[in-house]
Structure formats: C-alpha cells, structure tokens
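Hello,

Here is the structure I promised to hand over. My notes follow below it.

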Amino acid sequence: MIHDFGIVWSERGLLLSGLGNTTILSVLSAAAALLLGFVLTPALMAKQRWLSRAVRGFVDGMRCVPFLLFAYIVYYGLPSLGVRLDNWTSGLVALTIYNAAYMAEILRGAWSAQPREPIEAGIAFGFSSVALFRRIVLPPLLLAAGPVIGNQMIQIVKDSAFLTIIALPELTHAASSIQSRHYVPFAAFITAVLLYWGLCLVIEAGVSSIDRLAAARR
Amino acid sequence: MAKRVLDVAGVSKRFGALEVLSDISFQVEKGETVCVLGPSGSGKSTLLRCINWLERPDAGQIYLNGTEIGVNGGGIVMSDRELSRIRTRIGMVFQHFALWPHLTVLQNLMEAPVQVQKRPKAEVRDEALALLAKVGLSDKRDVFPAKLSGGQKQRVGIARALAMRPDLLLFDEPTSALDPELVGEVLVVMRELAREGMTMVVVTHEMGFARDAATRILFLDRGRVVEMASPEGFFSNPATERARQFIQRYAGRAANGGR
Amino acid sequence: MNAGDVLAILQGAVVTITLSLTGILIGLPIGLGLAVLRWADVPVVARIVAIYVSILRATPLVTLLLLLFFALPNVGIAIGPISAAILALVMNTAAFNCEVWRASLMNFPKDQYEAAQSVGMSAPLRFRRIVLPQIARDSLPGLVNEMSLLIKVTPVLAVVGVVDITRAAVRIGAETYDPLPPFLVAVALYAPIVFVLVSLQRWIERRQIKAEALA
C-alpha cells in the first residue's frame, strides 16, 4: 500500500497539473457563471413578460437537466449542428452556461430579499448607474449571497470532474491515467478525493470569512 | 429679502387612476423650516419624493436656488448624471433610516461626499467626525448600522444628509418608525438644525415639533394644499374644517401619550 | 435513430430509476443513523461521521465510483458495475441526507424531548414516537431536494459500464454517427423526473409555510 502511494508520488506532476486544471476550470467558469448570472437576474425580474418567461424557462430547464448529459450534448451533440468545440472550450462553455442558471436564481433570491430603501437613499444622494450598483447595491448583495455562491462553487468543482468523460485532463482524469498506467486504483483515487476535499475546505474557509463580515453587519 | 431655496410650482402626480398630488405650489426661503402635515394618504411623502425626483412629477416645475430640477434648459428630461448632480444639493432623511448596511457609521457619512461629490477624503472625514459629535454619536463611528438603536440610526441618517452640505434638507416622517421613547433624541437634533437656520421641509406627525420649530405649516389633504399658515395661526385658528378636525384628532392622541 | 433505439434508451431508464430508488431507499435511513450519531455526540464516532460527511460532500460521484469500482477488487472484494453504482450512490446521498436530518434534529425543541422523558418514555420510544415524526416532516423538503440532486448525477454510472439511459444514448450515438437525437431523448426522460421532484419540493414547502401561518 505504501508502495502504491510511492507510485502516486512519483506521478505527482500529472496529479498536480490535474488539480491545477480543475482549479482553473472551476474558477474561470464560476466567475463567468456569476457574471452571466448578473445579466440574467434582471431579465428574470423584468417587467416584460416575454423576457422574464424566456429566462425563467432557461433557468428552470437547466436545473432539470443532468450536467453530464449537458456536457455530452455540448461536446458530442453540437457538431451535428455544425458547432465544433475542442474539449477545453466545451468544458468551460458547459460549466459556465449550466451554472449561470443556478447563479441567476441565487442572485434573484438575494436581490429580492434586499431592502429597497438603502438603494433609494443611494439615488437620493446622487449615485447613479454604475456607481450606484458598484457601491450601494452590490456589496450587501454579495454578502447576503456569499454562502450560497460558495456552495455552488463546490458544486462546480464536483461538476468539473464529469468532464473527464470528454478527456479533459482535470484531477479525476489524472487519477484515472495514473491508475491505468500503474494499476494503483486505491492510492490514485483516494489521493484525488483528498485533493478535492482540500479544494472544498479552501472554498468553505472563504465562505466563512464572508459570513463573518456579513454577521458583523447584521 | 431672503433667498428663495425651493420653489414648487403646480406639481401634480398620479399613480394610475389615483391622483396623489394635484397642483401643489409653495416656496421655501433660506433658513425656513416648513412642516408638511396631513392625514396618512394625503400625498405628503410623494410630494417630498417629487422634490428630488425620486418620483417624477406628471406636471409642474420644481426649482432649487432658481435652477429647474428634472428638466434642463431645452425642456428635455435630465440625464441620470444631471439629476444626480442636483440631488447632491438636497439631503434626504428617510422614515426607515435607509443606512447602507455594509458600511460603518463613519463610512456611511463619507460615502457620498467622497464618491459622488469627489471631495478630498481628509476634509470629508474631519467634517464627518464633527457631525457625529454634533448628533452625539462619536463613540459609534466604527460600528455597523445594524448594531444601533432606531434613534441612533436616525441621528446617523441626519448626519449623513448633512455631510453633503446640502442647500435643502428633506425629512420623510423621520420619527414614525421609532419606539416612542426614542423619538425625543431625534427631535432634539432636528430642533437644533432649525435653530441654526438649516433650510428644511419636514413631513411629520409630531405636532409638538411642528408647533414650536416650524416657520410655516403646509397642510395637505387628498393631494391638495388646504392651508398654508404660520404655526400659531394654524394650530390656534385653523381656517378650514378639515384642518380643525385633523388638529383635534392629533391633539387627542398626544394627550393620550400617543404620537 | 429508430423505434428500437428509443426502446433501448427506455430500458436504460428502467435501470436508472431502479438504481436511483435503491440508492434513495438505502441512503435515507443510513443518513438518519449518521445524523443521530452526530446529534447524540457519541465520542470519536461523531467525529468520524463529521469527517466522513465533509469528505463525501466534496467528492465528485464519478471519482468515488471509479475508486470503488477499481480499488475494491484490488483488496479482494469482488464488485460489479451495478453494486459499485449502488454503493457509490448510497455513500454519496447518505452524507447529504445526514446533513438534512441533522439540521432538523438541531431545530428540535428540547422541552418536548424532556416532556416525553418526564412521562417515563424510554429513549428508543421517545425517538420513535416523538422525535422522528416531527423531524421527518421538517426534513422532507431537504430530502426531496437531495433526491433530485441524486438523480441528476446518475448519468455518471455509465462510466463503469452500467447500461442506463446515458450509456444507451452514447451507444446509439456511436452506432448512428448522430449523437444529438439520442442525447435529446435522454434529456427528455430526465427532465420530467427532476421537474416532478423539484415541484414536489416547492409544493411541500408552500404547504408547510401555509400550515405554520395557520397555527
């Protein structure tokens, strides 16, 4: 057993690059999904019925589809329609679009729970457009939604593991390669599990520090 | 002759079929404290919100120091940026305080002067600290609003409005959301401002404050100006039956210890 | 893609649903058991459960599945794709269910428990008659939510060779050189199942809020 872990250690370069790719995938798609969420959320709450219904349909639809199938469709299905993306692009696009639906719903919930008066005070004190959003609307919104966004980030990290099926060299794919090369399944996969755990603990630490900031202001 | 700070000329506002304000006109001279009284639903808050264009009036003009608000020289509705610039001249105190929850008390005071008015941070800070001392909250400067009592929040709300060095202060029922025992500390601050010659328009149900701090009373009912009088004249000798009934009802409530 | 292909995907759906139900039915009581161990604060065991839950919540199902499928035979435990799939689902969902159950247990009013104690109910009786009916009601939305999440990760089971909806769709896609239609059929099978569960969760939540408002 110790010997097996020795083999995994000797392949640490591969494993670390897998961890790196998982982190890059997760961070990039989480950031993109959050930004996209900020675009979708106002549409979700729009007064124009056609717009809010269309976005609502997208958000609810995405939440009913398994991510793995969605990733399959983006990678294997879209070429039938003439859209051919490589595995990195497919993975990023799939993770981003899929999670944007969740982010939009999270932000809508937090947004509609925000009191209206402080925002109105911002307008009365001369804030407008971008400054109003950035200085007055956004900070309390992020503090309120922080923990749920953190949970969604953990979900994104886990979803990214599915991308091993489109041969994206992320952490699970790296562990699979090591296991098939040396036949050390336990050592390879348990190491991957522990690395995922570490990643999630980092996210949770971030969430709890946001939570501390929010608690001081509640 | 005193300088005219605010001129409201024929302002009307309707929400759907409901006419909330109808042809309201009045002026406020520099240093005046005008109390706007009236039964609930008479349009008092809407009037205040029309003055700084938080609500857009359907008709009429509003001038601040002779400059029209909301519409520029060519008769075109102002851009957000132009409106913002004028709004910085008008301070507003809200019924539910509307402090920014993510900022400390001191940061609440400094936010708009630094970010909107682009004044130097050090100067704003000195002034903000002096204002906090004035409202008796120097020890709370690094506390978040959530940790304050209602009375303290509203005193911060007033200090925050003053930090903009406004030409005019609007108060939207500043004590209605407070527990009775906390009303006094806010009124003390408002009385002092009135005495110092701050120009103020105060929507309130505090008859005591209106009686002894106001320079004039504006009585609204169903969206119309029913009376405009000195406090002595209004309270001791109201010209209309509506005003008489209103005063009686509130005097009765005050006698029962209510507000 | 012909009618036979659709039938093959439908057969896969039977496998998917069977495995999901098995996972849910086994995972529910195990989750409750783990939650009780943590709630009762059994020394050492409670700690181990906490770490188990923390790790499992962070582990992607595909990684867990590969670990079980390849490593268990390595230590002399023969395991097929189906058993590995069920084990992975149970281990995963039990950890999430544990958190849902535990949250309800923490919310359970202490005075009720003490009242049951004062009328001489034994500990197992107290739990079965007083605590369980109430926390079950309280946990229901969370548990239904977890069920919909579980169903959404089942396509992963295809990775170790379980012939479920996804594997059937992949096979047909490879045979017909047109993967889009079979995947769309797969989505069309999954979406209503998840939709029903999500709606069920919302319905239960609304009903409970209404009941509380009346109380």
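What share of the contacts in chain B with a separation of 6 or more comes from residues 24 or more positions apart? They account for 66% of those contacts, where contact means heavy atoms within 4.5 Å.

Some ground rules. This is a predicted model, in which local features need pLDDT of at least 70 and side-chain atom pairs count only at pLDDT 80 or more, while totals for chains, interfaces and linings use all residues. Residues are numbered from 1 along each chain as its sequence is written, chains are lettered from A and ligands numbered from 1 in the order in which they are written, and side-chain values use heavy atoms, with hydrogens and water left out.

Chain B overall:
- Its C-alpha atoms fill a box of roughly 55 × 55 × 40 Å along the principal axes.
- Of its 259 residues, 54% are buried, that is, under 20% relative accessible area with a 1.4 Å probe, protein chains only.
- It carries 35 positive and 30 negative side chains. Lys and Arg count as positive, Asp and Glu as negative; His and the chain ends are not counted. The centres of the two sets lie 3 Å apart, with each charge placed at NZ of Lys, CZ of Arg, CG of Asp or CD of Glu.

Now the cysteines. A disulfide is a pair of cysteine sulfur atoms within 2.5 Å. By this rule there are 0 disulfides over all chains. For Cys200(A), the nearest cysteine sulfur belongs to Cys98(C), 17 Å away. Cys200(A) counts as buried, at 2% relative accessibility. For Cys50(B), the nearest is that of Cys35(B), 19 Å away. Cys50(B) is buried too, with a relative accessible area of 1%.

Best wishes

Technical notes
Buried < 20%, exposed > 50% of the residue type's maximum accessible area, 1.4 Å probe, protein only.
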